[in-house]
Each structure stands twice: as C-alpha cells, then as structure tokens.
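Student: Could we take a close look at a single part, the contact between domains? I'd like to go through it slowly.

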Amino acid sequence: MGTKAFLSANEAAAHGVRLARPKVISAYPITPQTTLVEKLADFIADGQLDSKYMMVESEHSAMASALGVSMMGARVFTASSSQGLLYMCEMLSYVSGARHPVVMADANRSTATPWNIYGDHRDAMAMRDSGFVQLYVESGQEALDTMIQAYKLAEDPQVMLPVMVNLDGFTLTHTYDLVDIPDQDDVDRFLPPFQTKMKLDFDNPQVLCGTIGPAFHTEGRIQQCEAFEVAKKKIAEIDAEYAKMFGRSYHGMYEEYKCEDAEQVLVATGSLAGTTRVVVDELRAEGRKVGMIKLRSFRPFPKEFFASISGKYKALGVTDKSISFGFDGTIYGDVKASMYGNCGTKMANFICGLGGRDVSKDMIVEMFDVLQNLSDGKSEDEVQFIGKRW
Amino acid sequence: MKPKRDLDFKAPASMEEIPFGASFPAGHLVNPNSGYRTFAPKFDYDKCIHCLFCFVYCPEGAISKEGEKLTVDMDYCKGCGICAHECPKKCISMVKEGE
C-alpha cells in the first residue's frame with residue numbers, strides 16, 4: 001500500500017535508495033546534492049537503513065570506494081553534482097568498463113566558470129561518454145521510483161552497467177511535493193538482493209579491472225555497446241513491471257505526450273518536461289496542435305524512435321540545458337544525428353535554463369511560436385538561446 | 001598463496017570469449033614481466049636468514065615463501081632490484097639476463 005509524505009526530490013530519491021537497501025553509501029557533500037546524502041545518513045543513524053556510511057575525502061574517493069564495494073559483490077550508492085561529478089570523472093570510466101552496477105544520483109548543477117550553484121545539465125552532459133546509463137526525472141515521485149528501477153536495470157545480468165539518475169538542482173532537489181513511498185516488502189519482491197560472480201573472493205580468486213591491449217580492446221568496447229542496446233529494451237520492460245506492481249509508469253526511455261495529431265512538438269528533459277506538459281495542455285485548450293516528447297533516457301539514446309518520427313511533425317524543437325561549445329545544444333545534436341538522411345521535419349534547438357535560469361511557461365510558448373513560424377514556412381535561426389537578456 | 005601464472009590462457013577466439021568487464025581468472029598476466037627484465041635476482045641461500053624483507057618489499061608479490069627457500073616467480077619479476085636493495089644480509093645479487 002505504501003505511505004504518502006511531503007518530500008523534496010532529494011528526500012524522495014533518498015527514500016528510493018533506502019528501499020533498494022545498498023550495503024554501503026559513500027559520498028562527499030556538494031550543493032545541491034547534500035540533502036540527499038544527509039537524509040541517507042539520517043536513515044542509517046535512526047536504524048531505518050542497515051548500511052555502512054563512508055565519509056570520504058573527495059568525490060574521486062566516493063566513486064573509487066563505490067567501485068571497491070561493488071567489487072566485493074555488494075550493492076552501493078553514491079551521489080554528486082557539478083564540480084564534484086567532474087572530479088569523480090576519472091573513476092566513472094573505471095566503473096563502467098569493469099561493468100560494476102554502481103547506481104548514483106546527480107543533482108544537476110552548472111559547472112564553473114562562472115561559478116554557479118544552480119541547476120542546468122552541463123555536469124551530466126560532460127559525462128556523456130563515461131559509459132554510465134543516464135536517466136532524467138521529472139518529479140520527486142519519479143526520482144524515488146527511478147532509483148529503484150535503476151538498481152534493477154544496472155544489476156540485470158544482461159546489462160551490468162552503472163546508472164546515473166539525474167534530478168534538476170533546486171527545481172527538483174529542493175522543491176517539495178506529495179510523494180508515494182512504497183512498502184519495503186513490495187520493493188524487496190521487485191528488487192532481490194544483488195548477486196554476482198564477478199567479485200573478490202578467496203575461493204575464486206580473480207583479476208578485476210584488468211588490462212586488455214590493442215588486440216582485444218575493441219571487442220571489449222563492443223560488449224559495452226551491446227549492453228546499452230539491451231538496456232534500451234530493459235528500461236521499458238522494467239518500467240512496465242514496476243507499473244504493474246506499483247501503479248506508476250514513466251513510459252520507458254521516452255514519453256510521447258499529446259503527439260498523435262501534433263504539428264509542433266518540443267523535446268524536453270527532466271523538470272522541464274513538467275513545465276512543458278502544463279504549457280502543452282494550455283496551448284491545446286487554445287486549439288494549438290502542440291505536443292511534447294519527454295526524453296527520460298539520454299544514454300542509451302532512443303535513436304531508433306527519433307529516426308521513426310522523421311517528417312512526422314511540421315516542426316520539432318529540442319530543449320537543451322547544456323551546450324557543446326563550438327557546436328549546438330548536446331541533445332539537439334543527437335536528435336539531428338538520429339534523423340540524418342530521412343528528416344522531412346523542420347527543426348530548431350532551444351538552449352535554455354543555463355546556470356539555473358528559470359525556464360518559464362512564456363519561454364516554452366515562445367519555443368512553440370518559433371515552431372509555428374517554421375511550420376508556416378518562415379525562417380528562424382536553427383539554434384536559439386531562449387530567455388536571453390540581449 | 002599467490003596463484004601461479006595461468007599458462008593455459010588462450011587468446012579469445014570469439015566475442016563470447018572476451019573477458020567480461022576486463023575480469024580474468026587469477027594468474028592472468030597480459031605480458032610476462034620477464035620480457036622487459038634486464039637484471040634478475042639471484043639468492044645466496046647460505047647467507048639468507050629468512051627475514052622475509054624481500055618478500056615484503058617486492059612490489060609485484062613475485063617472491064614466494066611457501067617452500068624451504070625463498071623463490072622468485074620469474075614470470076612476474078620485473079627485475080627492479082628492490083629485494084636486493086632491501087636485503088639486510090646482502091645475499092641477493094642482480095645478475096644480467098643471459099649471464
């Protein structure tokens with residue numbers, strides 16, 4: 001049955017982690033992640049979670065410790081943000097290449113310089129090629145549910161990939177909402193204890209994180225690529241199984257919201273999907289044929305889906321809370337690449353929300369207006385900064 | 001006990017044989033260290049007092065104390081000479097390979 005509570009997304013995520021029963025939590029605090037790991041420390045202190053809390057001296061050590069725990073065959077959790085995630089970067093590729101199913105949260109925050117503690121996606125997008133699965137959540141409820149799903153995905157024997165669950169700094173992490181907390185017994189049925197043979201064991205000694213030279217390195221990477229292809233299917237399967245048990249679904253890797261007869265569609269990620277959802281409803285009430293594609297999984301990227309919708313809409317906008325300097329918004333590049341060769345859709349990229357700048361409903365209306373112009377045959381700049389001052 | 005080098009290791013012949021997550025059975029050695037060793041340790045067992053300094057200091061864990069005498073696994077020894085340097089009785093000499 002579960003219980004209801006008024007929680008920030010950080011607290012909701014902490015409840016999700018608590019219910020997944022990690023044996024160890026190793027973390028170093030950083031705004032806006034701090035209240036998430038503080039809540040986990042509370043759970044351990046008051047006996048709600050039987051886990052070891054490791055206070056490490058840095059984010060690099062946090063992920064190194066998480067790798068060590070996973071190498072002992074135990075479930076582990078860590079979390080970071082912004083500069084902390086960047087400092088952790090080296091260990092991310094160790095974890096992913098060694099195929100240890102570490103689950104982490106990233107409270108998305110901009111990266112210096114200019115120094116800024118507020119939310120955007122530049123930290124996670126910089127880890128795009130780290131070999132971590134990247135899921136983005138829209139609400140505190142989704143943060144809780146996705147934490148549990150993330151362990152199920154990461155530890156699937158056919159997947160065995162680390163997962164980063166992304167929640168927007170402040171917009172989600174420090175914003176309160178009513179959240180359903182599932183019962184431990186139900187979560188235990190959904191997520192059995194982690195079991196692996198790939199662990200340090202005196203009875204079965206192994207070399208972990210070994211060397212593979214040029215002769216076979218490519219094939220090791222192909223193994224990783226194949227796991228991401230499997231993850232594409234598993235994300236949807238696990239979400240469907242979760243929905244059956246807990247009554248909440250997030251539609252797998254992406255969600256099409258009011259897209260059936262839509263002419264202008266926006267791709268939105270994380271909390272921006274929540275705001276866009278409201279605007280779509282309001283513009284629909286005015287008779288405008290607009291829709292939204294919520295991108296929940298950035299890695300693996302649902303490229304087959306985007307290829308399949310080439311030419312479907314009169315105009316397609318992509319929102320990005322990050323920039324690949326010298327190119328476009330990060331997600332936009334991937335959407336365009338997915339559609340390459342069969343794109344009959346007019347497209348535009350909207351970069352917004354950098355450094356925590358609020359993306360308002362008016363701005364989303366502005367994006368749809370640009371798409372309307374494109375649909376009507378007017379010309380628009382392809383890459384636009386929405387909400388810029390000058 | 002330190003596992004012996006896995007001499008039966010065969011290079012993968014298909015995708016299925018690629019080691020998962022770069023994990024191998026213990027004893028896997030990508031290249032035997034002997035390949036780049038110039039000098040090898042040689043023990044004077046008459047002078048050895050079995051203090052195990054060499055065993056403790058060897059960075060490769062190549063020295064075995066399992067038998068009566070200390071022995072060196074030449075697949076793992078890289079010839080660094082730390083054992084010879086640390087030996088208080090100076091009973092380990094570094095001898096050029098092939099001599």
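Tutor: Let's start with a term: a salt bridge is a side-chain nitrogen of Lys or Arg within 4 Å of a carboxyl oxygen of Asp or Glu. Keep in mind that this is a predicted model, where local features need pLDDT of at least 70, side-chain atom pairs count only at pLDDT 80 or more, and totals for chains, interfaces and linings use all residues. Residues are numbered from 1 along each chain as its sequence is written, chains are lettered from A and ligands numbered from 1 in the order in which they are written, and side-chain values use heavy atoms, leaving out hydrogens and water.

Now to the domains. Chain A is assigned a domain 1 (3–246) and a domain 2 (254–388), with bounds that come from an automatic or database domain assignment. Their C-alpha centres are 28 Å apart. Domain 1 of chain A brings 28 residues to the contact and domain 2 of chain A brings 27, where contact means heavy atoms within 4.5 Å. Together they bury about 2,200 Å², with 54% of that area from carbon and sulfur atoms. Buried area here is the accessible area (1.4 Å probe) that two parts lose on being put together, summed over both.

What holds our attention next is charge. The rule finds six salt bridges across the interface of domain 1 and domain 2 of chain A. Have a look at A:Lys321 and A:Asp168, which form a salt bridge with their closest N and O atoms 4.0 Å apart. There are also 15 residue pairs in polar contact between the two domains of chain A (both residues at pLDDT 80 or more). A polar contact is a pair of N or O atoms within 3.5 Å; within protein, one must be able to donate a hydrogen and the other to accept it, and residues adjacent in sequence count only if both atoms are side-chain atoms.

On the domain 1 side, α5 (122–126), β6 (133–136), α6 (140–154) and α8 (217–246) of chain A each supply at least two residues that touch domain 2 of chain A. Helices (H or I, at least four residues) and strands (E, at least two) are DSSP runs, numbered from the N terminus. With six residues, α8(A) gives the most to that side. Sorted by class, this side of domain 1 of chain A has 11 nonpolar, eight polar and nine charged residues. In that sorting, Ala, Val, Leu, Ile, Met, Phe, Trp, Tyr, Cys and Pro count as nonpolar, Asp, Glu, Lys and Arg as charged, and the others, Gly among them, as polar.

Now set the contact of chain B with chain A beside it. Chain B gives 15 residues and chain A gives 19, and the area buried between chain B and chain A is about 1,400 Å², 71% of it from carbon and sulfur atoms. B:Met15, B:Ile18 and B:Phe20 supply 38% of the area that chain B buries against chain A, more than any other three residues. Salt bridges between chain B and chain A number zero, while four residue pairs are in polar contact there (both at pLDDT 80 or more). The side of chain B that touches chain A has 11 nonpolar, four polar and no charged residues.

As for confidence, the model scores ipTM 0.77 and pTM 0.90.
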